[in-house]
Amino acid sequence: MYPSPDGGSREASVGVADASGVSAARRCAAALTRGAGFGETEAGRVAIVVTEAATNLVKHSAGGEILLQAVSTASVAGLEMLALDRGRGIPNVTEALRDGYSTAGSPGTGLGAMSRQADVWDIYSVPGKGTVVLAQVWAAPVPQNGGERIRVGAACAPGFGEDVSGDGWLVIRRHGCVTILVVDGLGHGPVAADARHEAVRIFRGSAARGPAQLVAAIHAGLRGTRGAAVAVAEIDPDRGRLMFCGLGNIGAAVLADVETRHLVSYNGTAGHAARKIDEFTYPWPANGILVQHTDGLSSHWSLEAYPGLTARHPSLVAGVLYRDFKRGRDDVAVIVASGAPA
C-alpha cells in the first residue's frame, strides 16, 4: 500500500461525538472517493464502512476519531479508514463480529457489516483502553503479490484547524527492497504542505540510490521552500539489512522481541541547513518492525502495554500509536513497516 498518487496529500481527521460527526465523516469519505475516481458501488461500500464505524464511536465509546487516507497499490486507488476510541474496549471481538450481537440495544450489525464491505479489515481492542478498527476499500480488484515481504501502513492527520498537512510519506519498492520516505514540512498549513509535496516529488523521481543520496537530492531540491525534516529508510529483507538516513526531527526505531533500537538522525533542515548527510546500517530481524514518525508524535511512545499488537497490520499499529501518543495540535504522520504474514 502507498499514499495516493499526489504523495498522500489527501487525508483527513474527523472528530465524532454525535450524529453530526457521523455525517461529517461520511461526507469527507465521499469527497475522497470522488477525488480518487471510485465507482458508485465501491463508493457505497466506503459509505457503509465509515458510517458504521462512526456510529459505533457514538454508541459505544462516547466519541472518538475517524482518520481517512487516500491510498493506492498497483495503480488501483483505495481509501483507508482508522476508527479510534478510548472507550471500554471489546471483551470478545469474535462474538462482537456476529450479527445480532449488541451492547447498546442496536441491531448489532456494525462490525460484521464493516468486515464484509471492506477488502482489508482488522481490529485491535483492549478492555479498558479502547478500540482501533482498520478498513481498506479498493476501487477495483488489487492484483495479489505473493512476493511482497514487507507491509507498510500509516496514520496521518493535519494539525488542529488545518485542512492540509505538512507531514507525509511515500514508499518505493525496487529490486526486493522497500524504501520509505517520511517528511515533515516546517510550519503548518499550505507552506508546510508545499515543502512536503516537493520532497515527495523529488523522492519519487530521483535516480539516486540509497538513503543518503536520496536525502541529499531532497535537500538540494527544497531550497525554494520553507524546508523540511526528512528521513529515508531502506529495508532489504534478503540481506537482513536496514539502511537509514535522517535530517532533522524524524523519529525512527526498530523493534524486535523485547529490544527497541533507535536510529540516528543528524540535526538540520532539508533545503536550508545540513552540516552532514550520512546513512547508517542496522540489522533487520526477520520479525522486525520499523516505526518512523514526525514530531507530532511524542518521542516517549512504547508498545509494551499492547499485547499482540506487533503481529497485526502495520496501519493498525500506527493507529494505536497515533491515538495514544500524538502531541495534540500538530500535524502528525506515523509510518510502520513489518514483515508480511507467511
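A residue is called buried when its relative accessible area is under 20%, exposed when over 50%, and partly exposed in between (1.4 Å probe, protein chains only). The model is predicted, so local features need pLDDT of at least 70 and side-chain atom pairs count only at pLDDT 80 or more, while totals for chains, interfaces and linings use all residues. Residues are numbered from 1 along each chain as its sequence is written, and side-chain values use heavy atoms, with hydrogens and water left out.

Helices (H or I, at least four residues) and strands (E, at least two) are DSSP runs, numbered from the N terminus. By contrast, Gly-35 belongs to helix α1 (residues 19–36) and counts as exposed because its relative accessibility is 55%.

Next comes the sheet. Its 5 strands form an open, antiparallel arrangement in the order β8-β9-β10-β11-β14, where two strands pair if DSSP finds at least two bridges between them. At the edges lie β8 (167–174) and β14 (280–283), each pairing on one side only. Strand β11 (residues 241–247) is joined to β14 by 4 bridges, and Met-243 stands opposite Thr-281 of β14.

Helix α5 (residues 189–205) touches β8, β9 (177–185) and β10 (228–236), whereas helix α6 (residues 211–221) touches β9, β10 and β11.

Methods
Contact = heavy atoms within 4.5 Å. Axes fitted to C-alpha atoms, helices over the stretch in contact; angles between N-to-C directions.
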